[in-house]
Amino acid sequence: MNLLNVDSISKTFTIHILSGKIIEGFKDVSFTVPRGTALGISGPSGSGKSSVLKCIYGSYLTTRGDIWYESPRFGRLNLTRSPLRTINQIREMEIGYITQFLKVIPRVSALDIVSAPLMEAGAFRKAARSAAGDLLEQLGIPQRLFEAYPATFSGGEQQRVNIARAIIKAPHLLILDEPTACLDADTTSVVLDILLALREKGTTMIGIFHQPEILARFSDAIYRMKTDSDRGTIQ
Amino acid sequence: MTPVLSVRNLFRIFGTACSRCFDGNDEICGNKCPWCGAIVACKNISFDLYPEEVLGIVGESGSGKSTLLKILYFEEEPTSGEMFIHLTKRNACFPGEAFMGSVDAANVLSLNSYQKRLFRNHYMGMVYQNPFLGLRMHISAGGNIAEKLFMAGFRNIAKIRERAIYLLEKTEVPGNRLDESPASFSGGMQQRVQIAKALSNVPMLLFLDEPTTGLDLSVQARVLDLIKSLQKEMRLATIVVSHDLGIIRHLTTRTMVMKDGEIVEAGLTDQVLEDPQHPFTQLLVCSTL
């Protein structure tokens, strides 16, 4: 069964400052993601890969087309037309999203950032923090950094905090926008192992990875974006 | 889920309004009606606020955000429009509760001023940009909080004092300065006393009008963190008015953008900031440093 069914979506940006100039983000993207599988998205930079993910997550409004999502809590939903409140609840409970950039409050410790999603879901502080510690350790963040502020971390460490925060709750759907962009080969491999283990446990994933070998290891299927107007394909 | 607060077709017009102020929406550019010269500060505002949600309102100065907030807090009479509040059971143990049972489905803007005041004292909290508006500067900090508790039906002085100390400590104002007047406090401390006062009645609705504008950066950060953690802890439905997009991103999940008294765009906060649709929002987002 398909968890996600993206049905010929397009995105255009109208830039009013440039007197209403219309810029095309991407056009006619369609794919399906069966439950418990990982779809990789590939394509040259500027082809709209990240925009597709943002449309699914709701950070971008989809100009045309439908995105059908099978929610355990709300049933089958068209994400492009759902009430904002529903989207918010789905984000809190079911969908994780990792970008290449860490956006965190500068004054919260790594452990608190990672354990926050668990506590919001009702876990006790102690249990949440110990689970967060385990995950950070697995990702190779030294214990002495747990209480430090991630805003002061190196790029790779921030990236791993970001990943830990998104996966700690084992989301239903995980959206990954180059999560390994600034990691070294060893850490990338660790991250990939964790992601694949999550997939085994039933998390469905969509991801963008730049390195072809990582993409190949991650994906059950790959969707290729095209910059010109012909349609992309699933392979 | 039922919204805590529903606002429908709210207008606030300064000056003598003509009928065209209400219907000729598209032809009014700016907020001055070209036919009668009245200022339309809030133009047909409708929205819902859900329990535990934080809603942001952004817009440049003069866009009507503060007027809107004042109407919601019964400080300003709207020209027309309706506002519904759905009471939850959470406050049921609070003194004076019995009064409110019948209000659930009524337009609260049509209550008389006594009822409005009761309503405000029991169910609402407000933090102003300027502490002079929210506090009596020459009454002690504890007295300021006691005033609000007294109006909310508290009568036991020992309990009021205990709660005032608890609230001041929650907002990181040393409890031993309870009996000093806020006039002798720093700006950041005054703002925190204001927050303590606003939260003292465990409001169902919290309104924040530029709560950290005018504070220096480090104090601003602490006040914001405080608001955020208290909002989560007390599960308050909150409306934040600000022109600072950073604060909106930090605090809110949903945002409305106002221009010339109208809501020109509304959406998830990250969507409004990353994929703004209206020309004004695009300009606003590009204008951040």
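Trainee: What makes Ile17(A), Leu18(A) and Leu283(B) a nonpolar surface patch?
Mentor: In this predicted model, these three residues make a nonpolar surface patch of about 280 Å². A patch takes residues with over 30% relative accessible area and joins nonpolar side chains within 5 Å. Leu283(B), which lies in helix α11, residues 279-286 of chain B, has a relative accessible area of 48%, so it passes the cut-off of over 30%.

Trainee: Why is Leu283(B) called partly exposed?
Mentor: The word exposed is kept for values over 50%, and buried for values under 20%. Leu283(B), with 48%, falls in between, and therefore it is called partly exposed.

Trainee: How do you know that Arg129(A) counts as buried?
Mentor: The relative accessibility of Arg129(A) is 16%, which is under 20%, so this residue counts as buried. Arg129(A) is found in helix α4 of chain A, residues 125-138, and, leaving aside neighbours within four places in sequence, it is in contact with Leu111(A), Asp112(A), Ser115(A) and Glu147(A).

Trainee: What makes the pair Glu274(B) and Lys54(A) a salt bridge?
Mentor: The closest N and O atoms of Glu274(B) and Lys54(A) are 3.2 Å apart. A salt bridge asks for a side-chain nitrogen of Lys or Arg within 4 Å of a carboxyl oxygen of Asp or Glu, and therefore this pair qualifies. The count between chain B and chain A is five salt bridges.

Trainee: How many residues does each chain bring to this contact, and what area is buried?
Mentor: Chain B brings 22 residues and chain A brings 21 residues, while the area buried between them is about 1800 Å², with carbon and sulfur atoms giving 53% of that area. Of the area that chain B buries against chain A, 30% is supplied by Leu268(B), Glu274(B) and Asp275(B), more than any other three residues.

Trainee: What is the secondary structure of chain B, and why is this chain called as compact as a globular protein of that length?
Mentor: Chain B has 11 helices and nine strands. Its radius of gyration is 19 Å, close to the 19 Å that the globule rule gives for 289 residues, so chain B is as compact as a globular protein of that length. Of those 289 residues, 55% count as buried.

Terms used. Residues are numbered from 1 along each chain as its sequence is written. Chains are lettered from A and ligands numbered from 1 in the order in which they are written. This is a predicted model: local features need pLDDT of at least 70, side-chain atom pairs count only at pLDDT 80 or more; totals for chains, interfaces and linings use all residues. Side-chain values use heavy atoms; hydrogens and water are left out. Patches are made of residues with over 30% relative accessible area and no salt bridge: like charges are joined within 9 Å, nonpolar side chains (Val, Leu, Ile, Met, Phe, Trp, Tyr) within 5 Å. Accessible areas come from the Shrake-Rupley method with a 1.4 Å probe; for residues, only the protein chains shown count as cover. Helices (H or I, at least four residues) and strands (E, at least two) are DSSP runs, numbered from the N terminus. Buried means under 20% relative accessible area, exposed over 50%, partly exposed in between (1.4 Å probe, protein chains only). The radius of gyration is taken over C-alpha atoms; the globule rule is 2.2 Å times the number of residues to the power 0.38. Contact means heavy atoms within 4.5 Å. Buried area is the accessible area (1.4 Å probe) that two parts lose on being put together, summed over both.
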